[in-house]
Amino acid sequence: MHCRNLRIKWAFMIALTVTFALFFACIPAHASDDLSPPGDEEAVFVIDDTPVPMAESIWGSEPVSVYITREFYRGANTIEVPMKYFEAIQGSTKSTYDQAIDAFWEAERQSCYLFGDVAVGVSAGGSSVTITRNSYFSLAEEQEMRNAVDAEAERILANIISEGMSDYQKAYAIYQYCCQASYDWTAYNAITGGDCNNNADKWAKATTAYGNLIERKSVCQGDAQAFNVLARKAGLTSMTATGKMTNGGGHAWNRVWCNSRWYEVDCCFGYFCSTFNAYSASTGVKYGGVGVMESSADRFYGT
């Protein structure tokens, strides 16, 4: 059996604005089922080990997105990213400005604790690139949400994970829990209604782990972020993947490493599949990638 279906919530999350479309940007890559697990041994730069607010692994397809995630975790809306991180991006033909926008949305998508981003501002020049978040939430509100998610994640794992479980059993238990959240149709309608920037109050939480784990209602990105929070805290390698549905809408799910292979985990539609082909056949999803950057799924960096 290649694909286990727990339940189906048929709804498609699409891009929020022209800039927010990068949230679901797809790279032309094949969803390989035989990739090696990602790790930090290939990292070009050493990411400093200054403590961040939350104890979680941080992933990105280039070191720049890891750096961006970590810097925003420190609690500021504007950061300076050294130019060397952009100069090290492999195989990119984009401008530094476009690379910075891509790297931000990848950081936002792969993070567990960046919430409610509507747009991003970038200023490139000199020895660094300035990136400014435009989030629906204030920094204080976001920190409260992070703390709530972190505490709830610890409580959940204490109840669903037991000593001696295999990685597969852990991943499936987390999947089952995240699937129990309701689909947030109010958020979906706000996102697809054509004026999502002015309706952020209706979707901002649903696209986050806070929506799934605290309010227990979310859309696909919130489901994927919640799975990442729990899986990473449980010691699993998990990341957000994105692609396109048959209707052209964007969709987000997870890839988690178990039994020496990637499993496709969709807590929104309710699928836990051992191959991408089985997942795609069940859902109609066409693979986009795990990174917004111009890179392949087999090169991932982390701390």
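## Packing of H1 against H3

Helix H1 (residues 63–73) and helix H3 (residues 96–110) pack with their axes 8 Å apart and at an angle of about 60°, where axes are lines fitted to C-alpha atoms over the stretch in contact and angles run from 0 to 180 degrees between N-to-C directions. Helices are DSSP runs (H or I, at least four residues) numbered from the N terminus. The model is predicted, so that local features need pLDDT of at least 70 and side-chain atom pairs count only at pLDDT 80 or more, while totals for chains, interfaces and linings use all residues. Residues are numbered from 1 along each chain as its sequence is written, and side-chain values use heavy atoms, with hydrogens and water left out.

On the H1 side, Val-64, Ser-65, Ile-68, Thr-69 and Phe-72 meet Ala-103, Phe-104, Glu-106 and Ala-107 of H3, contact being heavy atoms within 4.5 Å. The residues of this contact divide into six nonpolar, two polar and one charged, with Ala, Val, Leu, Ile, Met, Phe, Trp, Tyr, Cys and Pro counted as nonpolar, Asp, Glu, Lys and Arg as charged, and the others, Gly among them, as polar.

## The largest nonpolar core

The largest nonpolar core has 85 residues, of which Ile-68, Ile-131, Ile-174 and Phe-227 touch the most other members; such a core joins buried Ala, Val, Leu, Ile, Met, Phe, Trp, Tyr and Cys residues through side-chain atoms within 4.5 Å, and buried means under 20% relative accessible area with a 1.4 Å probe, protein chains only. Helix H5 (residues 167–179) gives the most to this core, with nine residues.

Methods: Buried < 20%, exposed > 50% of the residue type's maximum accessible area, 1.4 Å probe, protein only. Helix = DSSP H or I, 4+ residues; strand = E, 2+ residues; numbered from the N terminus.
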